[in-house]
Structures are given as structure tokens and as C-alpha cells.
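Thanks, everyone. Please have the sequence and the structure up before I start.

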Amino acid sequence: MRLTETMATTKSADLPHLRSVVLAGHSGAGKTTLAEALLFRTGAISRLGRVEDGTSSLDTEPEAQKRHISLSLAVASLDDDGNVVTLVDTPGYPDFVAEVVAGFQAADAVLVCMDATGGVEAGTETAVALGRTTRTAALFVVNKCDRENAEPAAVLDALRAEFGNKIAPLQLAIGKAETFSGYVDLVHRTAYRWDGRQEVEVPIPPEMEAEVAARRDQLLEAASEADDDVLSKYLEGEEITDAELDACLHRGVRDSLLAPVLVASATKGIGLRGLLDAIVRYLPAPSEEPPVVAHDPKTNDPIEVSRDPNGPLLVRVFKTTADPFVGRLTYLRVLSGTLRSQAHLFNAEKGEEERIGQLLRLHGKDSEPVAELRPGEVGAVAKLTATATGDTLSSKDRPLVLDRPVYPDPTLVVAIEPQTKADLDKMGPALTRMLEEEPCARVERSATGEQLLISMGETHVAVIGERLKRKFGSSIVTHTPRIPYHETIRGRTKVEGKYKKQTGGHGMFGHVWIEIEPNPGDGVAFAEHVVGGTVPKNFFPGVEKGIRQAAVEGVLAGYPLIDFKATLYDGSFHTVDSNDLSFQIAASMALKKGVMDCKPVLQEPIMAVEIRVPERFMGDVNRDLNGHRGRVLGMDVMGDGIQVIAAQVPQAELFSYATELRSITGGRGTFSSTLDHYEDVPAHIGDKVIEAHRKEQESSAH
Ligand code: GDP
């Protein structure tokens with residue numbers, strides 16, 4: 001974490017000259033390339049890296065470089081003529097959406113990056129939805145305008161169709177695909193063409209005039225919906241000055257009433273000037289953000305805190321990384337007050353004091369020591385002890401707590417094991433440290449005793465595994481979890497169990513008759529009905545123990561046998577050889593034998609599932625559920641075109657449902673599940689489970 005020579009230091013600026021922007025959007029739209037290009041253009045980095053070559057200054061992890069995608073957020077700042085812009089690049093791949101949620105915590109605005117050859121993609125929707133729930137100011141940039149088949153105007157129309165009139169065209173592309181060469185600024189009615197080194201002002205191409213007029217109307221319409229003064233002027237047909245329009249756009253963007261759309265080619269560098277201007281001109285500075293609402297940790301009363309460098313300290317922790325060498329690195333953003341290196345802070349929720357060491361400003365993977373961070377600024381600090389992602393830090397005499405961000409629930413379940421016995425001891429502690437980084441992954445112990453890793457998707461699992469190995473030297477393997485089947489019976493029987501052993505001296509003798517019958521929903525019950533002392537009372541506990549022990553491993557496939565009643569009603573004993581253990585063994589033999597005559601069945605857990613998908617995917621999702629032995633119980637409209645499907649699905653079909661739902665819905669569907677009840681496994685599946693158990697037993701016997 002030292003500053004390399006490719007990164008320039010960034011000066012601090014007054015609050016009105018600070019901007020912070022999270023780049024979000026679909027995977028591959030060009031976020032990292034765009035951030036890299038902006039840093040390079042403004043001299044914040046001296047070498048332009050490329051995602052394809054793994055040389056981007058923002059994707060620095062080997063796991064990211066290998067895949068050519070961002071896996072975690074990266075922070076870097078640039079200085080554009082005295083305005084300091086902090087960029088927070090985030091992954092577009094849905095497995096890593098936690099990083100996008102965190103990125104929104106670190107910025108005042110979002111730049112939604114889109115692909116000019118695509119349209120409104122799942123990643124666009126995720127970014128817009130997050131922007132809405134966090135009320136974050138938004139700009140859209142239609143990137144890749146230079147690419148073959150680029151249709152920037154069509155993307156603009158798609159955005160307006162999806163999100164309405166508040167989507168305001170700010171620039172129009174001049175040319176497209178190989179002819180993309182610049183843009184028209186619709187506010188100032190100027191045009192800029194790329195001359196190979198920079199954007200130079202040129203007259204608006206005459207053939208574009210009609211289009212410019214029509215799109216400017218859309219811009220004015222959006223602006224007037226956000227501002228009454230502009231509205232009345234617009235309706236009266238009065239001239240609206242550029243300065244008025246700029247001011248109106250700034251207010252409208254700040255208050256999330258409108259969202260301008262720009263065009264660019266990150267790889268060619270076209271549009272960067274206009275984008276930087278729009279960031280500085282239209283996005284809010286921390287000084288004009290509304291007060292943050294924090295809470296008093298004791299009374300839970302809301303407390304408004306303004307972004308004042310002299311106000312009470314209020315710091316949000318938005319990310320934590322675990323590093324075996326550096327230790328824990330905590331990423332934080334100051335919302336109020338001035339945070340200084342070596343300060344003492346208070347984590348009010350945990351009741352712990354934290355001493356801040358050296359504050360760092362982030363430049364991708366590198367960092368530079370700074371003396372202080374002010375409202376709106378983002379930085380990091382090493383070696384905090386108690387503080388985790390989502391926590392709030394404040395001062396002890398003015399404790400404050402912020403609401404936690406809402407992370408999506410992970411739903412992909414795999415079982416994990418250490419790769420070798422040597423990895424056994426490392427795995428637990430390594431996982432604990434690793435998962436500090438991961439708000440959307442957790443481990444739990446399953447009913448069958450396996451260690452489960454629950455995460456956002458298959459790539460997430462793979463990346464967690466690779467990071468565990470690289471950072472902590474712990475290798476894991478994954479497999480499909482065992483299903484916690486149950487066994488039970490449908491019939492009844494009377495069965496004899498006799499255990500007799502004569503080995504010279506003291507022998508063993510236990511003899512029981514047991515009646516076995518179903519006990520639906522009531523677990524394992526034991527009763528005795530012995531007449532005339534054929535089995536003396538003091539052996540009853542041994543009989544019960546033998547039955548309960550045999551039930552633990554079942555008879556069909558090694559799963560717990562439940563919901564049956566065993567009644568001891570007869571037997572015999574030997575005055576010398578009978579003992580507790582003999583009766584345990586006799587009872588357990590009786591149960592195992594008897595159950596086979598009681599129509600034993602295998603039961604599986606059935607989950608209550610709630611699936612949320614845009615309406616257009618309903619048919620496909622329902623068909624797919626059928627294929628997973630699912631039963632749809634009902635459907636409900638949730639608003640915003642989202643349908644909620646309530647269904648019951650066997651757990652065996654759900655472990656990898658996260659992956660399937662994503663492929664059906666292009667990443668737009670989510671689901672949650674809880675255990676509902678147990679049901680008989682269909683015979684053809686049950687037979688396979690029993691057969692697999694038989695084989696396993698055979699191979700372990702050899
Ligand atoms: P991200 O997933 O949104 O961060 O996208 P990346 O920045 O990783 O870019 C994905 C791919 O698109 C890379 O191969 C980039 O070189 C390419 N790319 C990014 N921006 C542009 C652009 O403006 N034009 C063209 N033609 N390709 C681009």
C-alpha cells in the first residue's frame with residue numbers, strides 16, 4: 001500500500017470543489033476503462049492501463065486480472081483544475097453487487113455506465129435501483145460509442161422508455177461506431193470534435209440541427225419538470241439562459257429529479273472533457289448535500305448532522321479488507337467533522353473505542369498518508385480492532401449511529417471442506433478473516449454437519465476460494481451439500497431382538513419384543529408395556545437407549561429415523577448375563593429389523609420460496625420451477641412491474657437455483673427460502689439416494 005510512481009498525489013480541496021462519484025452499471029460497459037481514462041487524462045496516473053492486459057491501476061487483484069473483470073470496488077481521485085473528483089469504480093458482475101452497495105456509501109453521486117451497443121441491461125437496472133433507494137444524484141454515460149453497431153440515440157430512447165422523462169439528454173453523439181468523433185452539448189448548443197489529442201469546439205454539424213432541436217426540447221421538458229421557474233418560462237415560450245438551465249440542471253440532479261445522459265468512448269478518450277465538466281457542474285458538492293440523519297445510540301432519536309468540517313465527527317465504514325501482512329484495512333468516508341490521523345474514535349454500537357493510526361488516501365491499490373479527511377472525503381486506516389463494514393464511528397462525547405446499508409441475501413449454497421488434512425486447522429480462522437470482507441457471504445453448519453458457504457454465485461465461490469489460498473494459504477474444495485433427509489415409517493409391526501454371547505466367564509444376554517408404529521409429527525417416542533416382569537425395569541433405560549441410538553442413523557440410507565413409536569412389551573432375561581448393554585444391543589437390532597417391515601420412506605425438506613422477477617419472466621420462471629419439482633402456490637404484483645411468486649420447492653433443487661434464476665432472468669430475479677416441512681421423496685429419487693448410501697458403506701467397509 002505505498003504510492004507508486006504512476007500515481008500522482010491529490011491535493012485536498014475546499015468542500016465546494018469536491019465531488020465523489022461511484023461508477024456502476026452492467027459488467028463490461030466500460031466502468032473501469034472510463035475511470036482509468038479520466039485518471040490518465042487529468043494526470044492522476046501517468047500510465048494508461050488496460051483491463052484486457054490486467055494492467056489497470058484499479059483492478060489490481062490477481063483474481064480480477066485473470067478474469068478481466070473488477071471484483072471489488074476501487075477508489076482513486078483526480079484533480080481537474082482545482083476540483084477534486086473521487087471515483088469509486090465497482091464491479092458489474094452480479095456476484096459482487098455487495099461492492100456496488102458499498103460504493104454507493106462512499107459517494108454523493110452515481111455515474112451509470114452503459115454500452116452504446118446494448119441498452120438497459122440488468123446491471124443498469126441494479127445501479128438505478130440502488131440510486132433510487134439511496135436517493136443518489138445520477139448521471140448516465142453511454143460509453144463505447146465508437147464500437148461497431150453502436151446506437152447511442154437508441155440507448156437514450158431505451159433509457160427514457162424505461163425510466164421516463166426525467167432522463168434528460170445532455171449531449172448528442174456526432175457520428176457513431178467508426179465515425180464517432182465528438183458530441184453536441186445541448187445546454188450550451190456547442191459542439192466538440194476529437195482532434196486526436198483533445199476535444200476542440202466546432203460548429204454544430206448542420207445535418208444534426210433538427211435532432212439537436214428535438215433533443216433539446218426533451219432536455220427542457222425534463223428541466224422544467226424539476227423547476228417551477230423554468231417550467232413557467234418554458235410554457236410561456238420565453239428564452240431560458242444557459243446559466244439558468246445549468247443552475248436548474250444542477251439542482252435537479254442534486255435532488256434526483258432528473259438524470260442527464262452523456263456520450264463517450266473511454267478507449268478513444270472522446271467525451272472525457274464533457275464528462276468531467278458535467279461531473280463538476282451538475283453533481284453535488286458535499287457542502288450542499290442535505291444533512292445526514294444519524295441516531296442517538298441510547299434513545300434511537302434521529303439527529304440531523306450537516307456536512308460541516310467543524311461539526312461532530314461522523315464517519316461511515318463502507319468496506320473492510322483482510323490482508324495477512326497489512327492486517328485489516330478499513331475504508332471509511334467522513335460525513336461530518338474533520339478526521340485526523342491518530343484520533344480517538346468511538347464505535348457506539350459496539351461500545352468500543354478505536355484509535356485511528358495513520359490516515360490514508362486511496363489511489364487504486366496504492367495509498368498515500370494524509371493528515372486529515374474532511375466531509376465528503378474517502379480514505380482508509382489499518383488495524384482497527386472492533387469495527388466492521390457497515391459500522392459508524394463518531395466521538396465518545398457525541399456518539400452517533402447511521403442506518404446500515406441493505407445488502408442482498410446470498411442464496412447459492414455449497415459445502416466446503418479443506419483440500420487436505422493439513423488445511424484443516426487453517427480453514428476456520430482463514431474463513432473468519434476472509435468473510436470480514438464479504439457482506440454477502442456467510443458460513444453455517446448444516447443439519448448434516450457439513451460446513452456450508454452461502455454466497456452470491458459460482459464466481460463468488462471461486463473467488464473466495466482463490467483469495468483464501470492466496471492470502472491465508474488455506475485450500476478448500478467445494479461440493480453439493482448433502483440433503484438432510486429424514487426416514488420414517490408408514491406401517492406397523494412386532495419384532496423380536498435377541499443378543500446372546502457366551503465367552504467363557506461372564507456372557508451377554510438381552511431379549512426384547514417391540515412393537516413399532518408411526519407417530520406422525522411427534523418425533524421418537526418410547527413406551528413399555530411389560531407384563532409379569534419378563535424384562536425387569538432396570539433394563540428399560542437400556543432398551544430405550546438402544547432404540548434411540550439406532551434411530552439416529554436410520555435404516556434406509558443413514559439418515560435420522562423420526563416420527564415413530566416403539567413399545568417394549570415382552571422379552572426375557574438371564575440372571576447372570578443380562579446387563580444394560582445387552583438390552584441396548586438387542587433393542588437396536590430389533591428396531592433395525594422391524595423398521596424394514598414398516599414401509600420405511602425417505603423424506604426430504606421442502607422449502608417455502610419467494611421469487612421476485614420482472615413480469616416478463618414469469619412464464620419462464622414458472623416452467624423452470626416445474627422442472628425442479630416445485631409447486632407454485634400464488635403470484636402477487638409488487639409494483640414497478642415486479643411479480644412475487646410463492647412456491648414450495650424441495651431443498652435438493654435449490655442449492656444452485658441462484659445460478660439458474662440468474663440465467664433465466666439475466667440477473668434480474670432474486671429469491672429467498674425457508675424450511676417449510678418434510679415430504680416423502682419420490683421413489684425414483686429415493687432409490688438413488690439409498691443406492692448411493694449402500695455404495696458408500698461398501699466402499700468404507702473395504
Ligand atoms: P466494466 O466491467 O464496466 O468495468 O468494463 P471494462 O472497463 O472492464 O471494459 C470492458 C471491455 O470493454 C474492455 O475490453 C474494454 O477495453 C472495452 N471498452 C471499454 N470502454 C470502451 C469503449 O469506449 N469503446 C470500446 N470499443 N471498447 C471499450
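I'll take a central strand, then the ligand site, then the aromatic pairs.

One caution: this is a predicted model.

Start with strand β11, residues 259-263. Is β11 enclosed or open? Of its 5 residues, 5 are buried, so the rest of the structure largely encloses this strand. Look at the two faces. In a regular strand, side chains alternate between the two faces of the sheet. On one side of β11 sit Ala 259, Val 261 and Val 263.

Strand β5, residues 137-143, pairs with β11 in the parallel sense, over 3 bridges. Val 141 has Leu 262 of β11 as its bridge partner. Strand β6, residues 167-169, also runs parallel to β11, again with 3 bridges. There, Ala 168 is partnered with Pro 260 of β11.

From Gly 28, a backbone N or O atom lies 2.7 Å from a ligand oxygen. From Thr 32, a polar side-chain atom lies 2.9 Å from an oxygen of the ligand. From Lys 144, a polar side-chain atom sits 3.0 Å from a ligand oxygen. How much of the ligand does the protein bury? Alone, the ligand exposes 580 Å², and the protein buries 86% of that.

Last, the aromatics. The count is 8 aromatic pairs. I'll show two. Phe 140 and Phe 163 are stacked, 6.4 Å centre to centre, with 25 degrees between the planes. Phe 140 is in strand β5, and Phe 163 is in helix α5, residues 152-163. The pair links distant parts of the chain, 23 residues apart. Both Phe 140 and Phe 163 are buried.

The second pair is Trp 513 with Tyr 569. This pair is tilted: 6.5 Å between centres, 50 degrees between planes. Trp 513 belongs to strand β30, residues 508-518, and Tyr 569 to strand β32, residues 564-572. They are 56 residues apart. Buried or partly exposed? Trp 513 has 29% relative accessibility, so it counts as partly exposed. Tyr 569, at 23%, counts as partly exposed too. The cut-off for buried is under 20%.

Conventions
Residues are numbered from 1 along each chain as its sequence is written. This is a predicted model: local features need pLDDT of at least 70, side-chain atom pairs count only at pLDDT 80 or more; totals for chains, interfaces and linings use all residues. Side-chain values use heavy atoms; hydrogens and water are left out. Buried means under 20% relative accessible area, exposed over 50%, partly exposed in between (1.4 Å probe, protein chains only). Helices (H or I, at least four residues) and strands (E, at least two) are DSSP runs, numbered from the N terminus. Two strands pair if DSSP finds at least two bridges between them. A polar contact is a pair of N or O atoms within 3.5 Å; within protein, one must be able to donate a hydrogen and the other to accept it, and residues adjacent in sequence count only if both atoms are side-chain atoms. Accessible areas come from the Shrake-Rupley method with a 1.4 Å probe; for residues, only the protein chains shown count as cover. Rings of Phe, Tyr and Trp (its six-membered ring) pair if their centres lie within 6.5 Å; planes under 30 degrees apart count as stacked, over 60 as edge-to-face and the rest as tilted.
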